[in-house]
There are 2 protein chains.
Amino acid sequence: MNVTKLTCSSCGETHPAGEIHNLCRVCGLPLLVEYDLEAAAQTLSPESLRGREASMWRYREVLPVEDPANIVSLGEGMTPLLSVQRLGSAIGMKHLYIKDEGQNPTGSFKARGMTAAVSMAKELGVEKLAVPSAGNAAGAMAAYAARAGLPAYIFMPKDTPIANVIECREMGARVTLMDGLITDCGAEVGRRKEAEGWFDVSTLKEPYRIEGKKTLGYELAEQLNWELPDALLYPTGGGTGLIGMWKAFDEMERMGWIDSRRPRIYSVQAEGCAPIVRAFESGAEKAEMFANAHTKASGLRVPKAIGDFIMLDAIRRSHGGAVAVSDEAMLASVREMGRCEGIFAAPEGAACHAALVQLLMDGKIERDERVVIFNTGCGLKYLECFSD
Amino acid sequence: MNVTKLTCSSCGETHPAGEIHNLCRVCGLPLLVEYDLEAAAQTLSPESLRGREASMWRYREVLPVEDPANIVSLGEGMTPLLSVQRLGSAIGMKHLYIKDEGQNPTGSFKARGMTAAVSMAKELGVEKLAVPSAGNAAGAMAAYAARAGLPAYIFMPKDTPIANVIECREMGARVTLMDGLITDCGAEVGRRKEAEGWFDVSTLKEPYRIEGKKTLGYELAEQLNWELPDALLYPTGGGTGLIGMWKAFDEMERMGWIDSRRPRIYSVQAEGCAPIVRAFESGAEKAEMFANAHTKASGLRVPKAIGDFIMLDAIRRSHGGAVAVSDEAMLASVREMGRCEGIFAAPEGAACHAALVQLLMDGKIERDERVVIFNTGCGLKYLECFSD
């Protein structure tokens, strides 16, 4: 399609399109895909979207797949952006929205990244896929690998919610449960991948999951009629969605679809694992490994993210912030979102509601602003968190 | 909108629109909503759908809500119709599709019926909602009642998968677990509703769940470019979706969108609870109560359905049939659908795959026919069925 090259997010080294890449060959940091946006805009425009398929592949001109036959899809994306009057009123807000990613295939936002990564793996001739996951990426990887007819090797912490393990097995993936955290699972993939012939699909260690995730930004703009909101609250483990949206905003501005205004982006983490919050508050450019990480929100149990410096830069340039909330506050917010709006949220998504309450109290968000919360997954994948 | 009246499916007695109804006031059987389809077709046409919202409310002219402000929506419908080449090839089929209803809000097809029923309850001023459920309808009812701000009273069998119970409670519903089957739960609602002031939202005991479900038929036609398939396999507990699709086909023909050809409709049930299969095979117009009903597919654990006679009539007029499959075959089909296509199906949806294998062996379906399987829900709601 319109990919011109891949560029390192840190050192700027360019890499050719059409080849298999993981990290930058010079500095070992994440690569970002660049497009000929002028070419893309010849067929892709706000008007052209009318009547296109209701999936994230409607934005195909700014997605990396060359041959449409390689797209491995389960109908992901174009999830509803719900106006939540009752939930908003309870905290004095008039313009609150929830982007409900729990309605994706495999019940989480991870479907977006995996449809892009697995499609590109297929296009580039990759034969075996491996991934470390805190849970939801595993289910998505298992699903898209199965749909592509590729074997998937999945490494998850032993205490990942059981729903993720069962869905991976029912979809034919090879699952290994490990003592430790996602970072330990990632290290295991790293150690074994060469001998086993695995392609490492760890987030930001291959360049296309972020391309899938960026469609969150395109959809948000389209669903709000090309007027971005004042603030976004996004739960960050690896942070690929946050980075992806920031990239999407830039691409849309360059195509003339939106102006230079940006929503303030708030990274939401758990008190038991808040490396980005700590780095943001201390003014650091990168985050330190967070010791003794623990939280029921398994997707937030990421003590160190390779894209930390990109996240922190985007948060700061947007004039946003970073907030940590307790597990108790998250679970109370699950119930509040359920009771007020009928959305059974993942604890990570509910964390954004809890963070919003804090940000209102601190005066960082005003009650009349337009604010979007990202519910990254479906509560059904976290039954252990709830008493029956 | 375009509702003209409600007509009894059995005796033909008419009932006025704009009033609260349950069953026919004369004979106590289900009511069907009638529309001025000529008026509907003035603004609704295959062309007009281009660019409408990606939810089942895109067909609003043939849905019952008068004031759009009363629509209680979580973004339901317009689920993907997936071409499943690998799953098809494994049984020699070239044109097999899965309609993946697991991507609806609350992870099942029940969202369609409940968005319509709860919207109409809101429009007509109902204050308290009650429903018996085998599981998925409960979650959907809890969600839409919460979104509408109405209290929900839910009655489920004790052995309903726990995911349904947890999601209902997290959404603020009042849940009662009962010894017995959905029919016993329905009887309890019936006994108490007058004293408690509950509106009974049991399927087909109120007229609008079927209107929501019929959008399955509209979507199927739209997604196949107005060429219906040769055969449908649909898992039937209460059978509302099957009846609804049959009604949709009729409406679409009257609006000139499709011709008089119909897909053969196959009702799929569990060997442990197959009242429709038994009635179909014996040539009966109605089904007998199925004694000792048991199956892991909780949605098929419906020993007696009030709409049995409408289902049997539609199946026969379509030249279709009714097939029972074992729980073992269903669970093997869950794994086959997962392994081949990355779809983690509900046992009810997987039952259709198992039934398809039987129908191919029996020569009832040809390998080159276009066939659609309905996966009515997400496997995540049935974790008890799978060993971890």
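Predicted model: local features only at pLDDT ≥ 70, side-chain atom pairs only at ≥ 80, totals over all residues.
Residues are numbered from 1 along each chain as its sequence is written, chains are lettered from A in the order in which they are written, and side-chain values use heavy atoms, without hydrogens or water. Local features need pLDDT of at least 70, side-chain atom pairs count only at pLDDT 80 or more, and totals for linings use all residues.

Begin with the whole structure, where a search finds 5 cavities of 30 Å³ or more. A cavity is a set of points on a 1 Å grid over the protein atoms alone where a 1.4 Å probe fits but cannot get out, and its lining residues have an atom within 4 Å of a point.

Select Gly102(A), Gly107(A), Gly102(B), Asn104(B) and Gly107(B): of the 34 residues lining the largest cavity, these lie nearest its centre. The volume of this cavity is about 380 Å³, counted as the space filled by probe spheres set on the points. Its lining comprises 15 nonpolar, 15 polar and 4 charged residues, with Gly counted as polar.

Next, select helix H3 (residues 110-123) of chain A, which gives the most to the lining of the second largest cavity, with 3 residues; helices are DSSP runs (H or I) of at least four residues and strands (E) of at least two. This cavity has a volume of about 50 Å³, and its lining residues include Glu19(A), His21(A), Phe199(A) and Tyr208(A).

Finally, select Thr203(B), in the loop between strand S9 (199-200) and helix H7 (209-213) of chain B. Its side chain makes a polar contact (N or O atoms within 3.5 Å, one able to donate a hydrogen and the other to accept it) with the side chain of Thr240(B) at 2.4 Å.

Methods. 1 Å grid on protein atoms, 1.4 Å probe; cavity = no way out; pocket = protein on both sides within 12 Å on 5 of 7 lines; lining within 4 Å.
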